[in-house]
Amino acid sequence: MLDLKLITEDPEKVKASLAKKGCIVDFTEIIALDKERKKIMAETEALKAERNKVSAEIPKLKKEGKPVDGIFARMREIGEKIAAGDAKINEYQTNINDFVAKLPNIPDDDLLAGEKENNKVLRVFGEKPEFSFEAKNHVDICTRLGIIDYERGVKLSGNGYWIYRGLGARLEWALLNYFINTHLADGYEMILPPHMLGYNCGFGAGQFPKFTDEVYWVDSEDGDKKRAKFMLPTAETALVNMYAGEIIDEDKLPMKFFAYTPCYRKEAGTYRAEERGMIRGHQFNKVEMVQYAHPDRSREAFEELVGKACKLMEGLGLHFRLSKLAAGDCSASMARTYDIEVWIPSMGIYKEVSSVSNANDYQARRNNTRFRDKETGKTRFVHTLNGSGLATSRVFPALIEQYQNADGSVTVPEVLRPYMGGLDLIK
RNA sequence: GGAAGCGUAUCGAAGUGGUCAUAACGGGCUUGAUUGGAAAUCAAGUAGCCUUCACGGGCUCACGAGUUCGAAUCUCGUCGCUUCCGCCA
């Protein structure tokens with residue numbers, strides 16, 4: 001959520017910033033509405049002040065036995081005016097809120113405008129693996145090894161679901177454990193949040209109202225979405241709302257968390273045929289990192305999260321790259337996003353395994369997460385940052401393909417072997 | 001799922017239509033006094049939001065609606081908590 005003050009004070013600047021994200025808005029109406037709202041508010045509050053004053057005098061007059069009937073008539077009139085004024089203010093406020101809630105975040109100044117084509121590769125890690133044999137895709141390899149059961153996954157839940165089994169399940173679990181242990185070593189607090197969340201979480205994270213149709217809803221028998229629960233599409237949605245409405249001690253910042261959860265997404269629409277296997281599913285595993293940072297130090301927090309995600313990938317020895325996203329390719333809530341993309345040999349492209357973002361105060365404003373500034377004693381909004389660390393659903397196939405051998409076996413990356421009882425080869 | 005009770009500041013809690021919202025009373029915390037230092041004691045201070053150039057004004061007693069000249073207080077709805085009962089991987 002943007003600060004309305006920012007808009008009323010310098011609408012042209014906000015307009016230009018949002019345009020970088022491809023969001024074209026006109027603020028003239030909303031500014032006029034806000035002005036009118038303030039005017040009515042001033043009038044209504046003057047009436048309230050009068051009512052409060054007179055109300056305080058009534059018991060005194062009654063005690064003295066003076067007549068109060070005339071006062072009552074006047075007060076009734078004031079009461080009606082106040083009710084009308086409040087209704088008007090509410091109506092305007094609701095309209096303003098709805099408008100502002102739909103605006104995306106302002107991108108950081110250094111971002112290029114435009115979409116994907118303006119993303120910039122910052123760094124490439126490792127090299128594209130060369131195969132002296134005909135390399136296979138991960139679906140064929142996994143099926144042959146019996147470590148992913150795509151067909152029976154579909155039998156259970158339909159298209160977009162698969163079953164990890166045997167060494168596949170263990171490899172998946174090894175990845176997650178490797179991520180978890182790394183975060184623990186870095187001093188992050190481990191969180192296992194509920195997987196079903198209330199509407200307010202989706203709103204606070206900035207995903208609703210835009211994406212209400214792209215998550216799975218449960219327990220909505222009366223059809224009221226505000227009361228139903230949805231399956232979290234990422235642990236960020238939970239982590240970023242843990243302190244909603246609270247005022248945090250400045251000493252506690254930065255707060256660093258990570259959570260493992262499956263992520264549930266509708267991913268509606270048809271995908272290109274090449275997105276086979278586990279590249280895009282309705283349920284995938286992810287370890288998510290979140291930081292609550294002091295606004296003056298959130299850029300450092302951002303760099304830390306990017307560094308951590310890269311370190312995890314480097315540890316696995318995979319070929320990948322780090323990109324800085326153009327303004328229009330960042331998600332709506334985010335001021336800045338770097339993507340980590342892994343090379344999928346069979347597809348000949350890089351696929352996202354981690355997205356690290358700084359929301360600045362956008363999410364904190366939506367869910368009212370503040371801290372008390374020690375120097376001024378005033379409250380300020382925190383900055384929230386998140387990053388995958390990492391999502392397995394792309395790492396797994398990349399690993400299978402990049403580590404495949406001529407005989408169809410797959411070498412287990414060294415860093416994962418301790419988590420798999422020392423196993424070095426899946427065959 | 002059923003029944004009852006409850007929701008007031010940092011915590012416990014008083015207030016049952018106006019003179020009780022910076023909010024009684026008590027605890028905690030901060031500062032000061034006292035002390036060699038501490039404990040104990042004493043004193044002072046311990047919301048957030050909106051609005052205004054400012055002085056000031058307004059709002060908030062879980063949330064929302066209603067009754068009333070006036071609501072923390074009465075009525076209804078929603079949410080949450082506690083206890084008891086039922087069910088249960």
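## Helix α2

The model is predicted. Helix α2 itself covers residues 11-20. Its buried residues are Ser17, Leu18 and Lys20. Viewed down the axis of α2, these buried residues fall within an arc of 145°, so they line one face of the helix.

What does the face of α2 turned away from its buried side carry? Two exposed residues sit there: Glu12 and Ala16.

## Chain A overall

Chain A holds 12 helices and 18 strands. Its C-alpha trace spans about 105 × 45 × 40 Å along the principal axes. Of its 427 residues, 36% count as buried.

Contacts in chain A also reach across the sequence. Take those between residues at least 6 apart: 73% of them join residues at least 24 apart.

## The open sheet

An open sheet is formed by 8 strands. Their order is β1-β11-β12-β13-β16-β10-β9-β4, and the pairing is mixed. The edges are β1 (120-125) and β4 (189-191). Each has a single partner strand, so one side of each is left without a neighbour in the sheet. On average, neighbouring strands are turned by 25° against each other, direction ignored.

Within the sheet, β12 (residues 336-344) and β13 (residues 349-358) run antiparallel. They are joined by 9 bridges. Which residue of β13 is the bridge partner of Glu341? That partner is Glu352.

## Helices across the strands

Helix α10 spans residues 298-316. This helix lies across β1, β10, β11 (320-324), β12, β13 and β16. Against β16, α10 runs at about 0°.

## The surface near RNA strand B

There are 16 residues around RNA strand B. Those that come nearest are Lys48, Ala49, Pro59, Met75 and Gly79. By class, this surface has 7 nonpolar, 4 polar and 5 charged residues.

Which helix gives the most to the surface near RNA strand B? Helix α3 does, with 10 residues. Both α3 (28-63) and α4 (69-102) supply at least two residues each.

Conventions. Residues numbered from 1 in each chain as written. Chains lettered and ligands numbered in written order. Predicted model: local features only at pLDDT ≥ 70, side-chain atom pairs only at ≥ 80, totals over all residues. Buried ≥ 20, exposed ≤ 12 C-beta atoms within 10 Å, placed from the backbone. Helix = DSSP H or I, 4+ residues; strand = E, 2+ residues; numbered from the N terminus. Arc of directions from axis to C-beta. Pairing = 2+ DSSP bridges. Axes fitted to C-alpha atoms, helices over the stretch in contact; angles between N-to-C directions. Contact = placed C-beta atoms within 7 Å. Near = placed C-beta within 6 Å. Nonpolar A, V, L, I, M, F, W, Y, C, P; charged D, E, K, R; others polar.
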